[in-house]
Amino acid sequence: MTHPTTRSAPTAVVAPARARAELLEKVEDRLHTLLNDEYRRRTGELRAAVLIESLAELVSAGDGRVRPQVLLTGYLAAGGSPEGPGADAAVDAAAALELLDTCTLVRADVYDDAALRRGLPALHVRHAGDHERNGWAGESRRFGECAATLGGDLALAWADRLARGLPPEAVRLWEELRTERALGLYTHEATAAAYLEDPWPGQCIAGCTDGCAAGWYALRHPLLLGAHLAGRPDLADTYADYALPLHAAWRMRGFLSGGPEYDWEAELLREVLLEDRERAVAEEIIRDLTERAGRIAARSGLAPEWREELAAFAGRVTAG
C-alpha cells in the first residue's frame with residue numbers, strides 16, 4: 001500500500017485522547033487482520049501454523065502499545081487526524097513498530113532466560129515445552145530458543161512488509177530506526193556486561209547518545225515518523241529536543257522501579273546505596289527532566305491542545 005505525503009488539510013479539532021484511541025483501535029484491527037491472514041494461509045502447514053499461532057497470541061496479549069502510542073502522538077500533534085491523508089500510513093507504521101517491539105522482546109526473553117512475557121509463557125519456553133511433551137529428538141531448551149529466534153524473524157518480516165508501503169522519507173526513517181535499534185541494543189548489552197558494577201544510568205542524565213537504543217528507538221524515531229506522516233518534517237528538531245530529556249527521565253524511572261532491563265545488580269544498588277535522601281534526589285532529577293520536556297513542548301509551534309498533551313504525556317511516561 002502506498003500512502004500520500006502531502007500536508008494534512010485543516011480539520012476540526014479532536015480531543016487528543018479520543019483521536020489517539022481511534023487510531024489505536026485501527027492499529028489493533030491492522031494487527032489482528034495481518035495475523036489472522038497469515039494463520040489462515042498456513043493452516044495446511046501444521047508446523048508453520050503453530051509458530052504463527054504462538055506469535056499471534058503474544059502480540060494480542062500486549063497492552064499499552066507504548067511505541068505505537070508515541071508514533072501516533074507525534075502524528076496527531078503534528079496536525080494529522082484519524083481521517084487525514086496520512087492516517088493509513090500512521091496505522092501501518094504503528095503496527096510495524098509493535099511487531100518490531102515483539103521481535104525485540106522475544107529475543108530479549110531468550111537472552112535473559114525469562115519464563116513469562118505478558119502473562120504467557122515466553123515463546124522459547126512454550127516451544128521447549130512442545131518439544132519435551134512430544135518426545136522429539138535433541139535438546140528441548142535449544143529447540144525452544146531456535147523457535148523463538150525464528151518467531152522474532154517472522155515478526156520482523158511482517159514489520160518490514162508494513163513499512164515497505166510508507167512514503168519514501170518515512171521508509172528511510174524506518175530503515176534508520178532498524179539500524180539504530182540493532183546497534184543500540186548491542187551497545188547496551190555490551191556496556192551492561194562490561195560494567196556490571198555500575199548499573200546506574202548516569203549517562204542518561206548527562207545526555208543521550210546516538211547509540212542509545214532506548215532513547216532513539218523508543219521515542220525520537222517514532223515521533224519523527226509521526227511528524228513525516230503528518231507532512232511536518234520541520235518538527236524534527238522540536239521532537240528530538242523533546243525526546244532527549246524525556247528519555248533520560250524514562251530511563252531513570254526504569255532504574256528506580258526495577259524494570260526488566262535492570263537486573264539484580266541494579267536491585268542491589270537501589271537497596272544498598274539509594275537511601276531516602278538519594279532516592280529523593282533521583283526523583284527530583286526525574287521531575288526536572290520531565291518538566292524540561294514539557295517546556296520544550298510548550299515552546300513548540302504545535303496546537304495548544306497538543307502542547308498540553310505532550311507535556312501530560314511526558315508526565316505519564318515518567319510517573320512513579
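Start by selecting helices α3 and α13, which run roughly antiparallel to each other. This is a predicted model, so treat the geometry accordingly as you click along. α3 covers residues 66–77 and α13 covers residues 304–317. Their packing angle is about 160° and their axes are 10 Å apart; angles over 145 degrees count as roughly antiparallel, hence the label.

Now show side chains at the contact. From α3, pick Val 70, Thr 73, Leu 76 and Ala 77; from α13, pick Trp 306, Leu 310 and Phe 313. Colour by class and you get six nonpolar residues, one polar and no charged ones.

Next, select Tyr 242. Skipping its neighbours within four places in sequence, Tyr 242 is in contact with Leu 310 and Phe 313, along with Ala 314, Leu 223, Ala 293, Ile 296 and Ala 297.

Tyr 242 also belongs to the largest nonpolar core, which has 70 residues. For a separate core, go to Ala 248, Met 252, Ile 286 and Leu 289, which are among its eight residues.

Finally, zoom out to the whole protein. The secondary structure comes to 13 helices and two strands, and 48% of the 320 residues are buried. Of the contacts with a separation of 6 or more, 74% join residues 24 or more positions apart.

Conventions. Residues are numbered from 1 along each chain as its sequence is written. This is a predicted model: local features need pLDDT of at least 70, side-chain atom pairs count only at pLDDT 80 or more; totals for chains, interfaces and linings use all residues. Side-chain values use heavy atoms; hydrogens and water are left out. A nonpolar core is a set of buried Ala, Val, Leu, Ile, Met, Phe, Trp, Tyr and Cys residues joined through side-chain atoms within 4.5 Å. Buried means under 20% relative accessible area, exposed over 50%, partly exposed in between (1.4 Å probe, protein chains only). Contact means heavy atoms within 4.5 Å. Axes are lines fitted to C-alpha atoms, for helices over the stretch in contact, and angles run from 0 to 180 degrees between N-to-C directions. Helices (H or I, at least four residues) and strands (E, at least two) are DSSP runs, numbered from the N terminus. Angles under 35 degrees count as roughly parallel, over 145 as roughly antiparallel, 65 to 115 as roughly perpendicular and the rest as oblique. Ala, Val, Leu, Ile, Met, Phe, Trp, Tyr, Cys and Pro count as nonpolar, Asp, Glu, Lys and Arg as charged, and the others, Gly among them, as polar.
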